[in-house]
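Subject: Structure handover and what was found in it

Dear colleague,

I am passing this structure on to you, and below it I have set out what was found, element by element. Please keep the view open while you read.

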Amino acid sequence: MRNTGLTILVALGLSACGGETRPMVRDIAEIPPSPTHEIFDDDTTDLDILPRQEIRLGLLLPLSGPDSIIGKALFNAATLALFDSRDKRLTLMPYDTKGTAEGAAEAMTQLLTHEPDLIIGPLFSHSIMAIKQMAQEAGVNVIGFSSDHTVAGDGVFLMNFRMEEQIERVIHYASTQGYARFATLVPETAYGMRALEIFGASVAEQKRELTSVEFYPPDSSKLVDPVKNIAHYKERRKRYTREIDFLERLGEEDDFAQEMLDELKNEETIGDVEFDAILLPEGGAMLTTLAAWVSYYEIDPAKVKILGTGLWDDPMLFLEPQLHGGWFAAPDHKTSGAFLNRYKDIYGESSPRITTLAYDTVALAATLVRQAKNPNFSAEKITDTNGFSGIEGLFRFAPSGLIERGLAVYEVSDKAFTVIDPAPTSFINRDKIKNEIEEGIEAEIQNSIEDERKSATLTPPEPSPSELSSSESSLEFEQEDHSEAASLLPLPLSDGRPFPYNPVQEDAVNNYDQ
């Protein structure tokens, strides 16, 4: 990173015990450079010519209490993004929410006295709800980190990893690979109910079959019955024991019976399950226990593809052979992996996975500031349909406040997560492809309706015998083939442009004011 000798003023918020807000000066030279193409670097522009007004980024995080480890890590990541931006107009103003709704409201009250231009955080949905109306009344937008989609909207945007689009992505990919009959084991939790809702809609959208659903309580000691039920283990086991009894009654003299017995001796059941793909929207120790029971009760991963969500994005899965070969969708790891290594080098400890969200949010704010002399964090700017590229890959916000990401599909092995379907690098091409597919489907439906209408109108009544002898002509209608219109085109490879950027502005890559 070019050492400009800049100093960044970071306003520290009140701690759990109160006290005055005091500034802390950090010299940019204290932070080692980013290893990824000098993320914000642009040698063509001198920052000194830019307006000198202060741009205030409020930061609401749990800096004390049981979640302070996460809160402080998010603050560290936000600070790194601030230094990488090298824009001395930007000021972080962190305040402690204490991880509670009450603490968030108190922190917000204090923050608003400093008239922030944008609010980053809070982390939890109850904290977001506590400050949402206050933000609306102050006319300032919020980019929070909660995974609860219900708190989005009305000026609140959620920078998170959405389980919904992870499921949609992996189901779509599995469908393109020929999997047609889907099942799922879901926890009896709000997360599980939401996962099932999205799963069912995704399977239907792909015009596939949802064959089985089983629920399990969030208790690892109560997983056996749900797994046995979805595997139809009892029925398949009975079929096995009946077959063994029959073959044994044929006696040792029956060579064919003995050959069949030899083939069955290493089996537990006879017959396959009624699905060829199963979704396990689970993570951590519960996932490993669940996967072990799935394998034990004869759901053969050689015949059934096991699918997951972003909760699978955990190196622990390398040690779980029953999940090897499974697929899940998540952001591209290349840049985020470099960031997490950099974080550890700087702070001497590993970073929670979600700290990348804080970095990308501050980086987004820096990008929006670059596009105008005065800060503009309006909903129109935040929801630019072309999107932005961060260390978690391509993303954009919808007017609803929900985030949309360009996700890759990964396969689990014993050593790594291997990309089997790359993440898109541009929403432009992806939107074009999606529109072509939707238009093709709509045209096919309309043609089918029109064909039926014409058939009903033009098909003559049953001819008499004399008419049959005098005429053998008939009307025929051909249905238009739209298979080519619905085919997926390859997405462009990454062009290595600096982060963050507006992908449509290819001519502005080296323009500081893009």
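Two strands are taken to pair if DSSP finds at least two bridges between them. In that sense β14 and β15 form a hairpin with five residues between them, and G401, which lies in the turn, has a positive phi of about 95°. Please bear in mind throughout that this is a predicted model.

Strand β14, which covers residues 393-397, is mostly covered, since five of its five residues are buried. On one side β14 is joined by three bridges to strand β15 (residues 403-405), the two running antiparallel, and F397 stands opposite I403 in β15. Strand β13 (residues 388-390) also pairs with β14 in the antiparallel sense, again over three bridges, and here G390 stands opposite G393 in β14. β13 and β14 likewise form a hairpin, with two residues between them.

For the protein as a whole, the secondary structure comes to 14 helices and 17 strands. Of its 514 residues, 45% count as buried. Among contacts between residues at least 6 apart in sequence, 71% join residues that are at least 24 apart.

Next comes a parallel sheet. Five strands form an open sheet in the order β4-β3-β5-β6-β7, and the pairing is parallel. β4 and β7 (156-158) stand at the edges with a single partner strand each, so one side of each is left without a neighbour in the sheet. On average, and with direction ignored, neighbouring strands of this sheet are turned by 25° against each other. Helix α1 (residues 68-85) packs on the sheet, where it touches β3 and β4, and its direction makes about 175° with that of β4. Helix α2 (residues 101-112) packs on the sheet as well, touching β3, β4 and β5, and its direction makes about 145° with that of β4.

Within that sheet, strand β3 (residues 55-61) deserves a separate look. Six of the seven residues of β3 are buried, so this strand is largely enclosed by the rest of the structure. β3 pairs with strand β4 (residues 90-96) in the parallel sense over seven bridges, and L60 stands opposite Y95 in β4. Three bridges join β3 to strand β5 (residues 118-120), the two running parallel, and G58 stands opposite I119 in β5.

Turning to the helices, α4 (residues 163-176) has 14 residues and reaches 20 Å from its first C-alpha to its last, which is close to the 20 Å expected at 1.5 Å a residue. Just after α4, G178 takes a positive phi of about 100°.

The axes of α4 and helix α5 (residues 190-205) come within 9 Å and cross at roughly 35°, and α4 passes α5 in a right-handed crossing. On the α4 side the contact is made by M163, E164, I167, E168 and I171, and on the α5 side by Y191, R194, A195, I198, F199, S202 and V203. These contact residues divide into eight nonpolar, one polar and three charged.

Helix α11 (residues 355-370) should span 22 Å, given its 16 residues at 1.5 Å a residue, and its end C-alpha atoms are 23 Å apart, which agrees. Moreover, 16 of the 16 residues of α11 are buried, so this helix is largely enclosed by the rest of the structure.

Is T288 buried or exposed? Buried means under 20% relative accessible area, and T288, with a relative accessible area of 14%, is therefore buried. Leaving aside its neighbours within four places in sequence, T288 is in contact with M316, E320 and Q322.

With best regards

Definitions and conventions:
Residues are numbered from 1 along each chain as its sequence is written. This is a predicted model: local features need pLDDT of at least 70, side-chain atom pairs count only at pLDDT 80 or more; totals for chains, interfaces and linings use all residues. Side-chain values use heavy atoms; hydrogens and water are left out. Helices (H or I, at least four residues) and strands (E, at least two) are DSSP runs, numbered from the N terminus. The expected span of a helix is 1.5 Å times one less than its number of residues. Buried means under 20% relative accessible area, exposed over 50%, partly exposed in between (1.4 Å probe, protein chains only). Axes are lines fitted to C-alpha atoms, for helices over the stretch in contact, and angles run from 0 to 180 degrees between N-to-C directions. A crossing is left-handed if the near helix is turned anticlockwise from the far one by less than a right angle, and right-handed if clockwise. Contact means heavy atoms within 4.5 Å. Ala, Val, Leu, Ile, Met, Phe, Trp, Tyr, Cys and Pro count as nonpolar, Asp, Glu, Lys and Arg as charged, and the others, Gly among them, as polar.
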